[in-house]
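Here are my notes on the model you sent over.

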Amino acid sequence: MPTPTSAPDEAPFDVLIVGAGLSGIGAAAMLQERCPGKRYAILEARAAIGGTWDLFRYPGVRSDSDMYTLGYGFKPWLDAKAIADGPSIRNYIRETAHSHGIEQHIRFGHKVLRASWSSLDALWTIEAQLGGTGGTTLLRTRFLHMCSGYYDYEQAYRPHFEGEAVFQGRIVQPQFWPQDLDYAGKRVVVIGSGATAVTLVPAMAAGAAHVTMLQRSPTYVVSRPSEYRFAQRLQRRLPPKLAYWATRWRVIAESMLLYRIARGKPELAKRKIVQMAAQALGPGIDAAHFTPDYKPWDQRVCVVPDGDLFRALRAGSAEVVTDQIARFTEEGIVLASGRVLAADVVVMATGLSLSVLGGARIEVDGQAYQPSAHMAYKGMMLSDLPNSAMTFGYTNASWTLKADLTAAWVCRLLNYMERKGQAIAVVRQEPGVEAQPFLSFTSGYVQRAQALLPKQGARRPWQVYQNYVQDMLTIRFGRIADGVMRFGPKGKLP
């Protein structure tokens, strides 16, 4: 690890936020509103605002959640598109940062390498690598808010297959999309069946000679309108903020109801989802390609706006193949069934690699801290990790719903500590709480990361609910000093 260029030469910050994406900008806006006297900065490893929505540049990149809930609660989404494209989301985040005066607080090119806590000083010391120089710098803060997302920006999950070296075409990954790639008139194979794959296929089919989505197993895919008519009616009749609030709560209520039905009556939900897919596909395309062998929401359900994937399949510009890869050849891919897929371009939409706390090394009073050995408190804090919070969104709803709740709760905690004259806040795991996986998803990217993720508990406040209303009641109105959270002066962990 590089040696820091200098000792900290600034007074400690009250709060350091890591990440200038959707979560980090939202956390800063909330902090400015509810803790106006706090001095803060945002550390962003990259050179731009937007996080995921600035990193991803592959064709058709868009949200798989509606913007009425993926958008901030405090800033109405005014665009007509409910399912928005990546550039529109990036502009929304940048506009939020600009309109709230957050840009001046962002330190670009600051990648957090290590965060070291000292109980003696009640301070975090952050070692950040400076982009472009190779050097590092040290910053201190009283509170650390990790808003760096949950996956690794520097590497995606990339399986390797026999014969790749002889393939004469080009192999690319969506996370690192090459801007010089020209696929017009070419044969494309997209390997994968998740949100990225179902986005890429119709987008690339518009210009490619033919696109094949090659999947090992099916995923649930549902069509939703890209524009909500009820939202447009509300916008015509109500002031913008009220229309946004009403639309947001209708979408939340509908989503929670559908999720509850899916989990309570999985066979009914499966039958309905597959039936809708079959109708959208029309005759001649086997709905078996969209009939998974797991229950709805054991993995995330993919959304396609206005059925664009199904349209491409019906038109014949794309097809879906469910099979295993045997090997690559010079001309394409040989499948386990013996079929050969000719390809000029192969896109590896094979999944994400998760990263916990931005991949930084964490130390508490000189001892290495491993998140996987600890338990999450309300899905926002980790046991034995003082004066810190992490933002981790929902798997069955929009990320920002939980991010907004977390940002508001951090402000409540900071204001409570200031009123009570406390320097340290830490949660201690209670004895007898059964440990469970932090995420119950069976998706490959979650299963591959189980050894990195913290645990959750079988009961509150250690249970990670995938329920916005339940979390809202618990987080927004629950007591800060609940007996599990401990407070104390600097000098020693309480």
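**Notes on the predicted model**

1. Let's start with Asn387. Leaving out residues up to four places away in sequence, Asn387 touches Trp117, Trp124, Arg142, Phe143, Leu144, Met381, Met417, Ala423, Ile424 and Ala425. Asn387 sits in the loop between β22 and β23, and its side chain reaches the backbone oxygen of Arg142 at 2.9 Å. Asn387 counts as buried because its relative accessibility is 2%, and the cut-off for buried is under 20%.

2. A word on confidence, since this is a predicted model. The average pLDDT for the protein is 91, and 96% of the residues score at least 70. Residues 1-6 are the stretch to watch: pLDDT stays under 50 there, although the model does have 17 contacts beyond four places in sequence for them.

3. Now the cavities. How many of 30 Å³ or more does a search of the whole structure find? It finds 7, and the largest cavity has a volume of about 120 Å³. That largest cavity is lined by 14 residues, and the closest to its centre are Gly149, Val356, Leu357, Met390 and Phe392. By class, its lining has 9 nonpolar and 5 polar residues, with no charged ones.

4. The second largest cavity comes in at about 70 Å³. Its lining includes Trp124, Leu144, Leu357, Met381 and Met390. If you go back to point 1, Trp124, Leu144 and Met381 are also among the residues that Asn387 touches. Leu357 and Met390 turn up again too, as they are among the residues closest to the centre of the largest cavity.

5. Which strands build the lining of the second largest cavity? β6 (136-146), β22 (381-382) and β23 (388-390) each supply at least two residues, and β23 gives the most, with 3 residues.

6. Next, Glu164, in the loop between β7 (151-156) and β8 (170-172). Is Glu164 buried or exposed? Its relative accessibility is 14%, so Glu164 counts as buried. The side chain of Glu164 reaches the backbone nitrogen of Phe161 at 2.7 Å. Setting aside neighbours within four places in sequence, Glu164 is in contact with Arg158, Pro159, Ile171, Phe328 and Met348.

7. Some backbone geometry to look at. Most residues other than glycine have a negative phi, and most peptide bonds are trans. Ala122 has a positive phi of about 55 degrees without being a glycine; Ala122 lies in the loop between β4 (110-118) and β5 (123-130) and is buried, with a relative accessible area of 5%. Asp365 also has a positive phi, near 50 degrees. Asp365 lies in the loop between β19 (361-364) and β20 (367-369) and, at 38% relative accessibility, counts as partly exposed.

8. There is a cis peptide bond between Arg460 and Pro461, with omega at about 0 degrees. Pro461 is in the loop between β26 (455-457) and α12.

9. Last one: Gly478, in the loop between α12 (468-477) and β27 (485-488). Gly478 counts as buried at 17% relative accessibility. Not counting residues up to four places away in sequence, Gly478 touches Arg412 and Leu473. From Gly478 to His374 is 22 Å, C-alpha to C-alpha, with the pair 104 residues apart in sequence.

Technical notes. Residues numbered from 1 in each chain as written. Predicted model: local features only at pLDDT ≥ 70, side-chain atom pairs only at ≥ 80, totals over all residues. Heavy atoms only, no water. Helix = DSSP H or I, 4+ residues; strand = E, 2+ residues; numbered from the N terminus. Buried < 20%, exposed > 50% of the residue type's maximum accessible area, 1.4 Å probe, protein only. Polar contact = N/O pair within 3.5 Å; in protein donor to acceptor, adjacent residues only side chain to side chain. Contact = heavy atoms within 4.5 Å. 1 Å grid on protein atoms, 1.4 Å probe; cavity = no way out; pocket = protein on both sides within 12 Å on 5 of 7 lines; lining within 4 Å. Points joined across faces, edges and corners; volume = space filled by probe spheres on them. Nonpolar A, V, L, I, M, F, W, Y, C, P; charged D, E, K, R; others polar. pLDDT = per-residue confidence, 0-100.
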